[in-house]
Amino acid sequence: MSKEEAPFVIFYNVTKWYKGNVIGLNQFTAQVSGGITGLVGPNGAGKSTFLKLATGQIKPNIGIVRVFNKDPFRDSSVFNDLGYCPEQDAFWSWMTGKEFVEILAKAKGYSKEEAKKETTRVLKIVSLDDERADRPIITYSKGMRQRIKVAQALIGSPSLLLLDEPFAGADPITRAHLGRTFEDLRKEGVSIILSSHVLHEVEQFADQIKLIYRGRLLAEGPVRDIRALIYDHPHRIKILTDSPRELAKYFVSLPSVKSLEITDPSNLHYGILWILTHNPAVFYKELPKVLVSSKVHVEEIMSVDDNLQAVFEYLTQ
Amino acid sequence: MVENDYKSNSSAKIYERGYRPWKRQMQPKKMVLLNLIWEEIKLIARPRWVIIMFIILRFLLIVKDILTVYGISTGFFQQFPFSLAYAINVGNNSMMGVTDLLLAYYVASSVISRDRVSGAYALYFSRDISRTEYLLVKFIASAFYMTSFTWLPAIYKYVAIGAFYDFTPIDYLKWKNFSLLLISLGYGVLVMAFLNSLILLLSMFVKKGWYIAIIIIPLRYISDTIAIITFLLKVKYAPLYAGPPSYGEYILYWAFGISNEQLSNNLGFQIDFLAPISKIGSIAFLIVLGLSILLFSLLYYKIQKLEVQ
């Protein structure tokens with residue numbers, strides 16, 4: 001393997017536990033190369049632990065963590081080429097956004113004048129290069145705080161960005177803006193590892209996804225493969241309709257349907273038709289045709305298993 | 001934009017994934033740390049009202065100090081080195097004087113505790129700043145304030161007491177006098193090293209600076225009480241039993257070369273039960289120095305092991 005192709009981040013058999021025998025990561029082995037990698041898992045899965053280990057905030061109890069072939073807990077020089085955006089707010093909140101970024105630019109090694117220029121540059125990237133940058137951070141909305149945190153991570157144009165839940169609590173405009181920013185950075189050759197507990201937040205621009213659950217790496221691969229995992233496991237679909245029995249007749253003959261169940265909530269005029277399918281991809285193709293041909297009024301369709309938690313439960317069975 | 005298009009039959013864009021080593025030219029590490037120390041000094045000075053309050057307090061203490069110096073010089077304390085040692089130790093810049101404690105509380109709560117509570121640890125430790133360098137920056141920045149609060153009184157008390165003894169400018173610069181000022185400044189550094197290590201170490205465990213004050217202020221009063229009781233009981237090493245808060249004056253007496261006899265004469269009563277001042281003072285000095293090293297070592301160890309939760 002040539003040097004250029006070597007993975008930036010290597011976790012080998014890493015276990016990290018916290019006080020009270022809380023497991024953060026459990027015999028976790030993974031490596032991350034270039035592009036955008038999404039760390040996806042429910043809350044408490046170990047995503048933040050992964051990023052904290054990779055940024056030397058904490059050290060593993062067992063195992064080896066290497067970033068650019070260096071131990072991030074022992075060798076701070078690794079951070080010259082790494083930007084980190086923590087999940088929690090980490091501000092001196094009475095400071096203005098500009099002051100905050102400037103101080104951190106100085107900590108990165110910029111002189112006073114250069115720090116000012118760099119601050120302007122990174123604030124521009126996150127679209128905060130206006131009068132808002134001169135306001136105290138305490139007055140910022142959640143979205144603006146997220147942007148400032150991302151801005152400080154961009155100081156020095158690092159090759160690798162580690163972003164812990166960068167979309168958490170952000171408004172749709174901020175989410176869209178941050179998403180575009182990450183894509184632009186990827187085009188410039190920046191590698192990004194970002195965590196989220198929502199798959200669709202990261203799948204739009206992630207090249208690779210790593211599914212983490214209860215401190216273990218459950219699955220990894222390109223987005224389409226991970227998405228396929230979701231479609232490969234049995235799905236339950238809930239259809240709220242005024243004629244569930246009538247509608248069931250149309251579904252019962254479909255090969256993609258494994259079972260049907262009807263429930264009648266007493267407080268509703270509608271009934272619920274539950275459909276279990278082993279082949280969601282085929283089922284979802286057939287669904288519109290069946291609904292049109294049945295001419296039954298449908299109030300709501302919901303795929304209750306089309307979420308990560310269901311996939312995790314399926315994969316860990 | 002670095003982009004490959006070897007998949008000509010695909011609309012997918014494949015971007016550069018190779019690692020390009022970071023080659024940006026930055027300031028030397030020394031400059032980075034100096035910048036950070038300066039930023040930290042400025043950060044401690046915020047909010048501004050706290051520093052204004054300390055300046056006012058300092059000014060009031062100058063007035064009080066001048067009155068003390070006047071009392072010492074016109075009263076029964078007749079010998080110059082003794083009056084200076086006594087004045088240096090009195091009240092606000094003893095080993096754990098009130099001002100020191102207030103300042104220590106404020107500095108501690110705004111240095112490490114602040115980073116801990118705000119989560120800013122994560123921002124420091126995700127830059128090319130080792131834990132040792134982080135400690136160095138914090139220690140020097142708080143030492144800047146603490147030392148200034150011990151040095152400033154030492155200087156003006158030297159000048160004021162000299163004035164009461166009709167010092168000429170030449171007298172101030174004479175080595176036998178000037179060396180006493182240097183000793184006073186050195187004593188200030190010792191006080192700073194002890195208090196700074198203690199306070200910074202405590203600040204790693206508490207969320208609010210007030211908790212540190214609650215822990216430390218009673219120590220001062222317990223120490224005073226023990227000092228009085230052991231003195232009344234005529235214990236040979238009475239001052240040593242009282243602990244570091246009471247060591248300051250004996251370290252100064254020892255460093256200034258004041259004998260038991262001089263001490264008795266100046267205090268106006270016999271202290272013949274006491275072990276030689278040179279012995280008490282030097283032991284007190286070694287204890288404070290040892291404790292400072294121990295506390296700093298503990299602080300260093302804690303910082304090295306620090307994990308950002």
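Reader: Which residues of helix 5 of chain A are buried?

Author: Buried means under 20% relative accessible area, with exposed over 50% and partly exposed in between (1.4 Å probe, protein chains only), while helices are DSSP runs (H or I, at least four residues) numbered from the N terminus. In helix 5 of chain A, the buried residues are Thr174(A), His177(A), Leu178(A), Gly179(A), Thr181(A), Phe182(A), Leu185(A) and Arg186(A), and just after this helix Gly189(A) takes a positive phi of about 95°. This is a predicted model, in which local features need pLDDT of at least 70, side-chain atom pairs count only at pLDDT 80 or more, and totals for chains, interfaces and linings use all residues. Residues are numbered from 1 along each chain as its sequence is written, chains are lettered from A and ligands numbered from 1 in the order in which they are written, and side-chain values use heavy atoms, leaving out hydrogens and water.

Reader: Which residues have the most contacts inside the largest nonpolar core?

Author: In soluble globular proteins, nonpolar side chains tend to be buried together. A nonpolar core is a set of buried Ala, Val, Leu, Ile, Met, Phe, Trp, Tyr and Cys residues joined through side-chain atoms within 4.5 Å. Here the largest has 154 residues, and Val9(A), Phe11(A), Phe50(A), Phe100(A) and Phe182(A) have the most contacts inside it. Helix 9 (residues 175-203) of chain B supplies the largest share of this core, 14 residues. Apart from it lies another core of 14 residues, including Ile239(A) and Phe251(A).

Reader: What does Phe100(A) touch?

Author: Leaving aside residues up to four places away in sequence, Phe100(A) is in contact (heavy atoms within 4.5 Å) with partners including Trp92(A), Ile148(A) and Leu123(B).

Methods
Helix = DSSP H or I, 4+ residues; strand = E, 2+ residues; numbered from the N terminus.
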